Each structure stands twice: as C-alpha cells, then as structure tokens.
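Have the sequence and the 3D view ready.

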Amino acid sequence: MAISTGLALLFGLPLGVLVAHHPAWRRPVLGLANVFQTIPSLALFGLLIPVFGIGAWTAITALVVYALLPIVRNTYTGIAGVDAAVREAGRGMGMTDGELLRLVELPLAAGFILAGVRIATVVSVGIATIAAAIGAGGLGVYIFRGVATVDNTLILAGAIPAALLALLADALLGVVERRLVWRQR
Amino acid sequence: MVLEVKDLRYHLPGNGRPLVDGISFSVGAGETLVMLGRSGAGKTTTLKLVNRLLEPSSGDVRVSGTPAHAVEPTKLRRRIGYVIQEIGLFPHFTVAANVGLLPRLARWPSDRIDARVRELLALVGLEPAEFAARFPHQLSGGQRQRVGVARALALDPQLLLLDEPFGALDPITRLELQREFRALASKLGKAAVFVTHDVREGLLLGTRIGLLDGGRLAFLGTPDDFRASPQPEVRKFMEAA
C-alpha cells in the first residue's frame, strides 16, 4: 500500500503539474484517470491478471491506478488555484519556471496535494484488503478465510486491523499536512 | 540611456489590429517616464514587451545598451524591477523572504541578504524589526505595496517598470506613496517607466509624459508641455484631471 501510493505520487505529481501548465493535456489525462477510477476493483484485478498474473504485482498496479486520480486531480486543482498575480509577479521578477514551481506553485498547492494523497491512501487500504481475493495476501486473507469458514473471530482478525490501518494512515497524513502546509493564520 | 525602445510593434498571433504600433522612447537614469492612456491603449503591453513577458513582433529594446532579445528572459528580468497593481507578494513567504527572494536565488550569503532586506525595508518606510517576520496578509494595502517596491529593488536594478502600482489604494495612502515614490526615485537615480491612467498621478510623478492612444504615442514630452499641448487626446485627459 505504501509502495503503491508512493508510485502513484511519483507518477501523479508530474502529471498534475503537466495538466495544470498545459491545458491541452487536461481532458485526456483527467479523463483516463477517471475511467480507471470508475472500473470496479475486482473487475480491474480481473483485467490485470492476464498481464501480471496472480499476486502482489497485479494488486500494486491496480492500487497505483486507483490512487492516480485523486493525486493528479488535486495537484492540478492546487496549482491552478494559485493567484495569477503571484505567478505573474514571479515571472516578472525573473524566476525560472522551475523556481516558480518549486518555491511558489507546489508549496501553495501542498494542501490540495496532501489531501489527494490522503484520499488515495485510504482508498488503497480498502482495495488492498480486497486484493486477497487474487492471492496478493494481506489482511483480506483473514477476512475471506473467515467468511468461507463462517468464523467471526477470523473475520475480525482481518477487519479490525484493516480498519485501524486506514484510520492510522489517515491520521498520520493529517499530521503531516498540518506540519507541512502553509496556511493563512 | 538605461532604456531605449525603437519602433516597437506587437500584435497578437494571427492578423489582428496591432496592440502596440511603432512606438519609440528612451529613459535615462533618474528619469521617470509616465505612460498615460485609456484602458486598452497598450500601456501594460508596452511594459511587458520591455521585460519580455511578451515578445515584440518587431522593433528594438535595449536595456543599459544591451539588446533585450540577446539576453535570456529570466536574466533580463532580474535586471529590471517590476511592480504590478496586484503586487503579487508570495503569501506563504514572510516580508523578509519576499524581499530577499531574488538575492537568495542569486545565492548571496545569508548575512548579506539579511542586511539588504533591512536596508530596503527602511528605504520604503517599513521598520524592519516590526515588519520583516510578518506575512503579507498581516499588512495593509499600502504596506504591501511598499514591500512590492522593496522587492523590486532587491538586486539594485537600473530600470524599474511599474504598472499602476498605487491603483488599488485609498486616496490618502495613495498620495502618501506617490510623494514617497517621487522622493525615492530622485534619490536612487533609477530609470523608471510608470504606467497609470490617472493624469494627476502622472503629472506629479513624471519627469516626462508619454500618452498612448490606440497603441501609438500620441504625445511625448515634459509635464509642462503636456499641460499646454493642443493634441486632442491630451486635451481630453487634461479636462478629466
């Protein structure tokens, strides 16, 4: 899950920047990410198994694909929301595009980007649990096994940690967000 | 001459009416050329053609003798102070970080940056101890505009471009800043191009006045000549004053 969110961030952040700076890419990129997001997770696993086989790589690929949309969309929203006067002043005083991105656009968009990462992470925990169905292991294994053997203890042994994991990840990222994000006080 | 502009033309891609239609002027050290004109007369466009936020369709721009097109745009802009009406202070930076940004990007040592920031804040009438650590949203409009001017002066450019810098201020703060700007401009000996549509501001601040009308310079001369000129567009502006 951490791997997949990391990978999604690795692809999603540049894609979000690209989309924010080049309007022509907006529709195809956001549209495609939207399509992926809409496919039910089990169906996506089904589509990926012929390519990656049964196991962890299929699950990771699916998780990356799911995490992509919130990250790309929020990066785009954050950067597009930067005040035009701020951007113009930066360019007018001689900042390069890279400096403007690094020092102004990304920091000002950080709140949106981290919110996207948070959504992506929580969604990933949910889908990672289902990934047990395609032999990728994880906490979902206990849940599925418990359901098959009508064993409530086993179900809860999977369900409770999975729920806690999602809550914990969300809370941790919330802390990161408060630490890192500049906010008008 | 710090700024020389010769036969400058600009039209949008395609074949529309030119927004700037063959204007020439020059500005020397210590001079403030005020660019007057109605909205859409080409004032802002002219400024942006000088610092290459827009690329001229034809004509020649020289800054301190160097052709602007021969310099990388970012390098050119660092030699030109630029102040806009909306100021565009970076909201997540303190006042000191805003003013010290270009020196920081130029990799000055930090004690030199600190000293420069203090010097500039004092210059624009802001007590460094009180204002350096504040964020832009903790300032009044007039204070923000002062920070904008200080930031534009950070690398000691010989040329300043100001696009209606006092346009959004209340009348009293505005007059205060106009007076201070006039004192500052003559003290520092910078060359400045100051865009406004306010004739009174123009007559107060300009050592020369240029009047743009439909992308052409309808008038270029001293404030006294401007007051006396029979040129119809000048008359309209004088009547509005």
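In this predicted model, helix α5 (residues 84–92) of chain A packs against helix α6 (residues 97–130) of chain A at an angle of about 170°, and their axes lie 11 Å apart. Helices here are DSSP runs (H or I, at least four residues), and axes are lines fitted to C-alpha atoms over the stretch in contact, with angles from 0 to 180 degrees between N-to-C directions. Angles over 145 degrees count as roughly antiparallel, and α5(A) and α6(A) are therefore roughly antiparallel to each other.

Which residues of α5(A) meet α6(A)? They are Val86(A), Arg87(A), Gly90(A) and Arg91(A), and in α6(A) their partners are Leu100(A), Val104(A), Glu105(A) and Leu108(A).

Now for the meeting of the two chains. Contact means heavy atoms within 4.5 Å; buried area is the accessible area (1.4 Å probe) that two parts lose on being put together, summed over both.

| Feature of the contact of chain B and chain A | Value |
|---|---|
| Residues from chain B | 23 residues |
| Residues from chain A | 19 residues |

Two salt bridges cross the interface (side-chain nitrogen of Lys or Arg within 4 Å of a carboxyl oxygen of Asp or Glu). Glu88(A) and Lys48(B) meet in a salt bridge, at 3.5 Å from N to O.

Residues are numbered from 1 along each chain as its sequence is written, and chains are lettered from A and ligands numbered from 1 in the order in which they are written. Local features need pLDDT of at least 70, side-chain atom pairs count only at pLDDT 80 or more, totals for chains, interfaces and linings use all residues, and side-chain values use heavy atoms, leaving out hydrogens and water.

Methods:
Helix = DSSP H or I, 4+ residues; strand = E, 2+ residues; numbered from the N terminus. Parallel < 35°, antiparallel > 145°, perpendicular 65-115°, else oblique.
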